[in-house]
Amino acid sequence: PVTGQDFHFDTVCQITIYSMDHMTQAAADDALEQAFALCGTYEDMLSKTLEGTDIYKINHAGGKPVECDPETVEIIRMGLRYAEMSDGKFDITIGKAVDLWDFHADAVPAVPDPAVLSEAVSHVDYKAVRIDGNQVTLADPEAEIDLGGIAKGYVADRVCEKLEECGVTGA
């Protein structure tokens with residue numbers, strides 16, 4: 001087996017290749033490099049914390065339309081479908097509420113003040129997301145998209161496809 005590791009989406013990502021067509025160390029290393037590069041590409045589109053990503057731009061547009069990569073729009077549409085199917089129990093506009101726990105801080109995350117949390121939750125409503133072609137708008141400028149509940153699974157599927165393209169048969 002050949003294992004690689006990288007850090008994306010605030011997560012240590014590890015891939016182990018067990019078998020592939022014409023498996024060599026170089027071929028496996030190349031497949032891993034392509035897979036992790038793909039993770040970086042998606043992180044640069046979908047992260048809500050990295051400046052310049054589609055999601056960052058949407059969240060900071062003050063309710064103005066943002067032109068997005070078609071794949072970003074596809075993932076947002078998927079998130080909206082799950083929101084509809086769950087009657088809003090899964091909601092990609094949970095961003096402001098999630099921020100209150102500050103999982104990136106050095107201190108131990110704590111339950112936020114109930115009044116502050118209530119205010120943040122008042123802006124959670126997937127129906128505020130408007131899509132027109134490749135433009136995405138938040139009708140509530142205080143809402144914030146966070147694709148953490150869907151993006152990693154989507155990216156994992158794309159990484160599997162990339163590995164298969166590279167001839168990987170077991171990973």
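Y154 is buried, with a relative accessible area of 6%; buried means under 20%, exposed over 50% and partly exposed in between, for a 1.4 Å probe and protein chains only. The model is predicted, so that local features need pLDDT of at least 70 and side-chain atom pairs count only at pLDDT 80 or more, while totals for chains, interfaces and linings use all residues. Residues are numbered from 1 along each chain as its sequence is written, and side-chain values use heavy atoms, with hydrogens and water left out.

The protein chain contains six helices and seven strands (DSSP runs numbered from the N terminus: helices are H or I of at least four residues, strands E of at least two). Read from the N terminus, the order of the elements is β-β-β-α-α-β-α-α-α-β-β-α-β. Of the 171 residues in the protein chain, 42% count as buried. The C-alpha atoms fill a box of roughly 55 × 40 × 30 Å along the principal axes. Among contacts (heavy atoms within 4.5 Å) between residues at least 6 apart in sequence, 61% join residues at least 24 apart.

Two aromatic pairs are counted, where rings of Phe, Tyr and Trp (its six-membered ring) pair if their centres lie within 6.5 Å, and planes under 30 degrees apart are stacked, over 60 edge-to-face and the rest tilted. The pair of Y42 and Y154 is edge-to-face because the ring centres lie 5.9 Å apart and the planes stand at 85°. This pair links distant parts of the chain, as Y42 belongs to helix α1 (residues 25–46) and Y154 to helix α6 (residues 151–165), 112 residues apart.

Helix α6 gives the most to the lining of the second largest pocket, with seven residues. β2 (11–17), α6 and β7 (168–170) each supply at least two residues to this lining. Eighteen residues line the pocket in total, and Q14, I15, A156, V159 and C160 lie nearest its centre. By class, twelve of the lining residues are nonpolar, four polar and two charged.

I15, in strand β2, is buried, with a relative accessible area of 11%. Leaving aside residues up to four places away in sequence, I15 touches V2, T3, G4, L32, A35, F36, V159 and L163. I15 and D140 are 125 residues apart in sequence and 39 Å apart in space, C-alpha to C-alpha.

N59 lies in helix α2 (residues 54–59) and counts as buried at 8% relative accessibility. With residues up to four places away in sequence not counted, N59 touches K48, L138, A143, E144 and I145.

How values were computed
1 Å grid on protein atoms, 1.4 Å probe; cavity = no way out; pocket = protein on both sides within 12 Å on 5 of 7 lines; lining within 4 Å. Nonpolar A, V, L, I, M, F, W, Y, C, P; charged D, E, K, R; others polar.
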